[in-house]
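Colleague: I want to learn how to read packing in a two-chain model. Walk me through one, please.

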Amino acid sequence: MPHQCTNCGHTFPDGSKEMLSGCPDCGGNKFQFRPAGSNADSVADDAADTTASSKADASTGESVTIDPETPSAGRQTSPPETEGVGDGEVAQNDGAESPAQSTARSDVVSSSEITAAGSMGPQSTADEQSPTDQPAPTDQPAPTDTPEPDAEATADTPDDPTEESNLDELRKELNNQFESIRIVSPGQYELNLMELYDRDEYIISLREDGRYVIEVPDGWGDS
Amino acid sequence: MMGLLTNLRDSISRVTDRLFASEEPKRIGIYGPPNAGKTTLANRIARDWTGDAIGPESHVPHETRRARRKEDVSIERNGKSVSIDIVDTPGVTTKVDYKEFLDHDMEKDDAIRRSREATEGVAEAMHWLREDVDGVIYVLDSSTDPFTQVNTMLIGIIESRELPVLIFANKTDLEDSDVQRVADAFPDHETVPLSALEGNNMDEVYDKIAEYFG
């Protein structure tokens, strides 16, 4: 649950644009962010609990959050025909897969989800500002390209370290593009002054564990 | 949270002021890197014209971690009165590290908290620069190198907003002070030498404030 409404607890996947118009459940406009960098495993688990579970798989290359014995547990099982709607390359690899893997990937059908996942990796602390007036992740060529080959690698070699390091590099690059405050460690921060100047929302408070709470200005997202 | 509410309330009252007052005080932000003497200057101005101080001064960097303001400071110049709101902002920097506070007899927990607050303060100051100031006094320690990334970036932002800006070359009382170096760094702007601590050259400071922000 990278983002959570502080009012009602509604959680949102990384990069969700739902928050832009306030919480759909309670209308709240304050969200806390839980960075994935410090605790990638639990975040992956959290992500698996949300409807956008497959994003964690796409971004980390770990399809292992899915238990092979319960391939359809708690998630939609898309019919094979819908596979590859946003990811044709992956569909070609179906032959040698377990049902769990294909189910896991079959959720990765939305190109917007792939894009969002690619831009928000577990190492990222830039996610806090994803709902800013920065260019939307879909405008960035890199994230749309990378998750696809990674999803293929997931099917064939789930633990390929090369893919992991490539993703790390991508995350670093995206961090450089997006983030306004980088939390190096508790008490150590790097600030991107231009980003801070450009952003719409106020930062209310940094937390010791690396989260921070932001306040969204009234009328934000209306324009 | 309270700070935000205060900000919002102030913003609203500011809009209302705009609607009903023909000439409201200009809001002048005092910006600059940490330890340039911004609070010392703000206190000097506030004490000279209102009798009150704005906030505590300190040689420890990031003493000011929340913007503080003094409203409706009336400065008399040449028989005319110029009214400004002074906003003393946290020192702007690209890196905050709690370790730099450990040298100042601070416990690690306190240093980390101070570091966090300072970072929040910079974020707030940058936000204000975008929305809440009508002019900028940019304060520099004239005994240090003015060619820094932070100075260049902030002056660039201020220029892009076309805000009136004065460069204050502070700490002229220090032996290493080099006002010309500051003036050379920002040739497009007026540089005023001063020692806010000693109160040196404050007449020219107030002349320029009245001229630029009145």
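Colleague: Which residues touch the most other members of the largest nonpolar core?

Modeller: First, the basis. This is a predicted model, with local features needing pLDDT of at least 70, side-chain atom pairs pLDDT 80 or more, and totals for chains, interfaces and linings using all residues. Residues are numbered from 1 along each chain as written, chains are lettered from A and ligands numbered from 1 in written order, and side-chain values use heavy atoms, without hydrogens or water.

A nonpolar core is a set of buried Ala, Val, Leu, Ile, Met, Phe, Trp, Tyr and Cys residues joined through side-chain atoms within 4.5 Å. Buried means under 20% relative accessible area (1.4 Å probe, protein chains only). Here the largest core has 35 residues, and Y31(B), M126(B), L129(B), V136(B) and Y138(B) touch the most other members.

Colleague: Which element gives the largest share of this core?

Modeller: Helices are DSSP runs of H or I, at least four residues; strands are E, at least two; both are numbered from the N terminus. α4(B) supplies seven core residues, the largest share. Of its 24 residues, 17 are buried.

Colleague: What is M126(B) in contact with, beyond four places in sequence?

Modeller: Contact means heavy atoms within 4.5 Å. M126(B) meets L193(A), L196(A), Y197(A), V92(B), L154(B) and I157(B).

Colleague: How many residues of each chain are in contact with the other chain?

Modeller: 25 residues of chain A contact 29 of chain B. For charge pairing, look for a salt bridge: a side-chain nitrogen of Lys or Arg within 4 Å of a carboxyl oxygen of Asp or Glu. Between chain A and chain B the count is zero.

Technical notes: Buried < 20%, exposed > 50% of the residue type's maximum accessible area, 1.4 Å probe, protein only.
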